[in-house]
Structure formats: structure tokens, C-alpha cells
Amino acid sequence: MRRELRLRRVERLLLVAVKLLDSIDSIFRMRRLRPMLASLAISLSLLPAAAAQRESAMDLHGTARVGGRPVQNAVIWLDAPSLPAAPRVGPRVVLDQRNLAFSPHVLAVRVGTTVDFPNNDRVFHNVFSFREGKVFNLGLYPVGTSRPVLFDRPGLSRIFCNIHPNMAAYVMAVDTPYFAVSDQAGAFAIRGAAPRDYRYHAWRPGGMEISGDWTPSADRLAVDWP
Ligand SMILES: [Cu+2]
């Protein structure tokens, strides 16, 4: 707390210095100093927030199982209603088309994420989603090119190809930054969540969505389908 106060004071002093330089700028032409001081003030103002976030955030680990056996491609997410909404223009991630398959088979994204669907195969594909979640049809586009889809609301989208009936993928869009997909050992890690009680949800291909309460202090989250 005291450190933060001290930082605030230094920051205020720097801002005063910037203003002072502003006024004598025309006389002494110290233009190069001004942006330097300004950026120093900005980075100082960010310091306490970054430190607070580092102290409280943690990685939440768990295992997903079906009938006691580890299961890959399960999506696990934590409700985070108190967090600000995702930025409208969020990050971009890739759902690749290669060797007549989508990769990854299951993709989890936060609402507001744009997914790029590049065709890195040797043949044409026609990617579409028609039932629920995000409905779209990307049509045919040449090998080596890509089409973007913005996932702007939560839900599950089933992704298919018009030409190759064996191609299928899932995009699960969730309204939270805290989510993960389980690996081959059923393990998952949700990064950077504050340590508090959570309502969790989990879904997997061919399985129902399940949910429950979880207190991170009680070690790993066990997500079990019967
Ligand atoms: Cu195809």
C-alpha cells in the first residue's frame, strides 16, 4: 500500500514535470524529453495494477474423466460474472484444415474471438456450421487462403465440411476468460484466475454439459462424467 502511494506521488511529480516542460518547450526546445517522461509516468501508473494481478492470479489444475478414464478434448470453464465484458475485437485463433481434417478437433474460445479457417490442404473445403451456436457457410475458397469467423455469443458450434462428411470439429465459445481443453491425459490448466469459489461447467464431444461448485483450495478439480 505504501509502495503504491509512493508510486502515485512519483507519477504525479512526473506529470507536473511534463506540464512544466510543455510550457518551456518553445523556449528551450526540449521536445525529446517530454515523450520520454510521459511514457515513464504511464509505465509507473501500470506497475501497482500489474503487481496486484500477479499476486492474486493462479493456475487452476484439474483432470477430466469418463467412467474413471482420462478424456481428451473436454472443455472446462469457470463462471466469471464480475469481470468486465470481453473486448469487442478480441484475439484471433486458428482452426486449421489439413490432410482432410480440422485441427484442433475441439477449440474453446472466449466470446469476441475471431477464428481463422485457413485451407492448408491440397483440396477445396467448404466449411460451415448450421445448427446452433454461430451459423455460417464459408463456401469454397482456394488452397492457401483463409476465412475469418467472429464468435460473438456463447454456445457450441458444430463445424463440418460440405465436401468431406468425415470432417468435423467443435468450437465452444464461452463468456469467460477462464477456460481450458483437456489433453490426452485428461489434464487441464486454467490460467490466471483469482483464487475464489467458482461455478464450473464442462462439456465434451458426445457428452452432456455438467457443472458444479469448486473451491480452488481443495486441490485439483475433478470433472467426472459417468
Ligand atoms: Cu472438406
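## The β9–β10 hairpin

Gly133 takes a positive phi near 65° in the hairpin of β9 and β10, which has six residues between the strands. Strands here are DSSP runs of E, at least two residues long, and helices are runs of H or I of at least four residues; both are numbered from the N terminus. β9 covers residues 126–129, and three bridges join it to β10 in an antiparallel run. Two strands count as paired if DSSP finds at least two bridges between them. Phe128 has Asn137 in β10 as its bridge partner.

Is β10 buried or in the open? Strand β10 spans residues 136–140, and of its five residues the number buried is zero, so the strand lies largely in the open. A residue is buried if 20 or more other C-beta atoms lie within 10 Å of its own, exposed if 12 or fewer, and partly exposed in between, with C-beta atoms placed from the backbone.

## Model and overall make-up

This is a predicted model: local features need pLDDT of at least 70, side-chain atom pairs count only at pLDDT 80 or more, and totals for chains, interfaces and linings use all residues. Residues are numbered from 1 along each chain as its sequence is written.

The protein has two helices and 18 strands. Of its 226 residues, 22% are buried. Two residues are in contact if their C-beta atoms, placed from the backbone, lie within 7 Å. Among contacts between residues at least 6 apart in sequence, 60% join residues at least 24 apart.

## Strand β1 and its partners

Strands of a sheet pair through backbone hydrogen bonds, either parallel or antiparallel. β1 (residues 58–66) runs antiparallel to β15 (residues 187–193), joined by five bridges. Gly62 stands opposite Phe188 in β15. β1 also pairs with β18 (residues 221–225), in the parallel sense and over five bridges. There, Thr63 has Ala222 as its bridge partner.

β2 (residues 69–70) is another partner of β1, antiparallel over two bridges. Val66 is bridged to Arg69 in β2. These two strands form a hairpin with two residues between them, and Gly67 in the turn has a positive phi of about 55°.

## The four-stranded sheet

An open sheet of four strands has the order β14-β3-β16-β17, with antiparallel pairing. Its edge strands are β14 (179–181) and β17 (210–214), each pairing on one side only. The twist averages 20° from one strand to the next. Axes are lines fitted to C-alpha atoms, for helices over the stretch in contact, and angles run from 0 to 180 degrees between N-to-C directions.

β16 (residues 198–203) pairs with β17 over five antiparallel bridges. Ala202 has Ile210 in β17 as its bridge partner.

## Nonpolar core

A nonpolar core is a set of buried Ala, Val, Leu, Ile, Met, Phe, Trp, Tyr and Cys residues joined through C-beta atoms within 7 Å. The largest has 38 residues, and those with the most contacts inside it are Val75, Ile76, Val171, Phe179 and Ile190. Strand β13 (residues 168–174) gives the most to this core, with six residues.

Leaving aside neighbours within four places in sequence, Ile76 touches a set of residues that includes Gly62, Phe188, Ile190, Ala202 and Val223.

## Pro154

Pro154 sits in the loop between β11 (146–151) and β12 (155–161). Pro154 is partly exposed, with 15 other C-beta atoms within 10 Å. Beyond neighbours within four places in sequence, its contacts are Val111, Ala173, Val174 and Asp175. Val111 is 43 residues from Pro154 along the chain, yet their C-alpha atoms are separated by 5.9 Å.
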